[in-house]
Amino acid sequence: MVIADASILIALAKIGRLKLLKQVFASVTMSPSVKQEVVDRGVERSAPEVAHVQQALNERWLRTARLSGAEKRFVQQLTGNTTLGLGEAESLAVARLRNVTLLVDEKEARAVARAMSVELMGSAGILYEAFRLGEHSLS
């Protein structure tokens with residue numbers, strides 16, 4: 001399992017490559033705030049890429065995490081001590097407390113993750129991994 005922040009889901013959905021996440025990781029989780037940001041707000045804005053995310057949710061390879069009490073407390077600490085948004089803080093809390101890889105592109109979230117020794121990967125790393133596995137070509 002990996003936890004994906006909104007930036008990753010939006011970027012890959014916009015280029016029509018969201019399914020690379022399934023091909024590389026099999027199962028992907030997002031936090032409740034990331035779902036709200038990507039799906040709920042995306043529907044409000046009529047963002048065409050939302051359809052890809054909704055399809056992934058329907059296929060159940062993309063799921064929404066339920067935050068534990070410890071994760072909620074960690075989110076409060078992160079939002080109180082950093083300028084991370086709620087989605088980034090939730091994603092980071094899940095990654096840290098469940099010991100899973102965080103998929104994120106935002107600079108500050110990456111810096112905080114590194115400081116906490118959380119394994120992370122960005123969009124470029126995902127595309128590289130998909131290419132390495134033969135799931136994506138350069139064309």
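What is the volume of the largest cavity? In this predicted model, the largest cavity has a volume of about 40 Å³. The structure holds one cavity of 30 Å³ or more.

**Cavity lining**
- The residues lining the largest cavity are Ile-10, Glu-37, Val-38, Arg-45, Glu-49, Val-50 and Val-53.
- Helix H3 (32–44) and helix H4 (50–59) are the elements that each contribute two or more residues to this lining.
- By class, four of the lining residues are nonpolar and three are charged, while no polar residue takes part.

**Val-94**
- Val-94 belongs to helix H6, which spans residues 86–98.
- Beyond its neighbours within four places in sequence, Val-94 is in contact with Met-1, Ile-3, Leu-67, Glu-71, Asn-99 and Val-100.
- Val-94 and Val-2 are 92 residues apart along the chain, and their C-alpha atoms are separated by 9.4 Å.

**Thr-101**
- Thr-101 is part of strand S4, which covers residues 101–103.
- The side chain of Thr-101 is joined to that of Glu-119 by a polar contact of 3.4 Å.
- With neighbours within four places in sequence set aside, Thr-101 is in contact with Met-1, Val-2 and Ile-3, and also with Glu-119, Leu-120 and Met-121.

Note on methods:
Residues are numbered from 1 along each chain as its sequence is written. This is a predicted model: local features need pLDDT of at least 70, side-chain atom pairs count only at pLDDT 80 or more; totals for chains, interfaces and linings use all residues. Side-chain values use heavy atoms; hydrogens and water are left out. Helices (H or I, at least four residues) and strands (E, at least two) are DSSP runs, numbered from the N terminus. A polar contact is a pair of N or O atoms within 3.5 Å; within protein, one must be able to donate a hydrogen and the other to accept it, and residues adjacent in sequence count only if both atoms are side-chain atoms. Contact means heavy atoms within 4.5 Å. On a 1 Å grid over the protein atoms alone, a cavity is a set of points where a 1.4 Å probe fits but cannot get out, and a pocket is an open set with protein on both sides within 12 Å along at least five of seven lines; lining residues have an atom within 4 Å of a point. Grid points are joined across faces, edges and corners, and a volume is the space filled by probe spheres set on the points. Ala, Val, Leu, Ile, Met, Phe, Trp, Tyr, Cys and Pro count as nonpolar, Asp, Glu, Lys and Arg as charged, and the others, Gly among them, as polar.
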